Amino acid sequence: MRMARHRHAERALAAACFAESSFIPMFPEVMLVPMILAERAKAWRYAAVCTISSVIGGIVGYLIGYLLFEAVGEPIMRFYGMSGDFAEIAAKYNEYGWLMVLIGGGITPIPYKVITISSGLTQLDFMTFVLASIVARGVRFALPCGIIYFFGDHAKRLMETRGKLFGWIALALVIVGFLAAPLLFGD
């Protein structure tokens with residue numbers, strides 16, 4: 001909580017959301033939640049910072065898939081257990097298009113960078129990608145901000161008493177995302 005009030009905390013949160021969207025496996029809510037608990041009045045600002053930096057990171061991920069797939073995107077995809085015929089993955093991905101970005105980028109625990117790189121690889125319409133990303137990431141970050149904003153003191157007590165449980169749940173979601181990505185995108 002003390003670190004959440006640090007003068008560079010907001011920049012660190014933006015950097016984490018950017019990196020999570022394009023190339024590094026992490027869970028930005030680990031930083032976001034304590035920051036909201038520390039300064040509840042800034043909840044919506046934090047949601048906006050997360051959404052904007054995440055979408056910008058998503059655009060970098062899109063460009064990795066579009067321009068640098070063999071050099072950068074393919075190793076990232078292999079890290080998530082996706083190997084084999086990427087042309088087949090692209091064909092499968094294009095069946096769902098914007099819906100994959102909307103649901104995969106905001107609701108499921110599938111790593112967003114897999115969605116962004118796949119969108120660039122398959123050359124999903126760029127504006128469709130950006131608009132769906134804004135909605136998906138906006139919902140993803142507004143949800144915890146809204147819950148903590150409206151249930152502040154109760155949410156703070158819950159985090160203090162059950163913080164480890166929430167940490168384990170977050171870790172489980174990351175693992176589920178790692179496991180679900182190859183199943184969804186083929187192998």
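Modeller: In helix 2, the buried residues are Glu29, Leu32, Val33, Met35, Ile36, Leu37 and Ala38. Buried means under 20% relative accessible area, exposed over 50%, and partly exposed in between (1.4 Å probe, protein chains only). Seven of the 10 residues of helix 2 are buried, so this helix is largely enclosed by the rest of the structure. Helices are DSSP runs (H or I, at least four residues), numbered from the N terminus.

This is a predicted model: local features need pLDDT of at least 70, side-chain atom pairs count only at pLDDT 80 or more, and totals for chains, interfaces and linings use all residues. Residues are numbered from 1 along each chain as its sequence is written, and side-chain values use heavy atoms, with hydrogens and water left out.

Now the core. The largest nonpolar core has 17 residues. Such a core is a set of buried Ala, Val, Leu, Ile, Met, Phe, Trp, Tyr and Cys residues joined through side-chain atoms within 4.5 Å. Those with the most contacts inside this core are Leu13, Leu32, Met35, Ile36, Tyr46, Cys50 and Cys145. Helix 1 (9–22), helix 2 (29–38), helix 3 (43–67) and helix 8 (126–150) each supply at least two of its residues. Helix 2 gives the largest share, six residues.

Take Leu13. Not counting residues up to four places away in sequence, Leu13 touches Pro28, Met31, Leu32, Met35, Tyr46 and Cys50. Contact means heavy atoms within 4.5 Å. Another core lies apart from this one, with 16 residues, among them Ile76, Met77, Phe129 and Val130.
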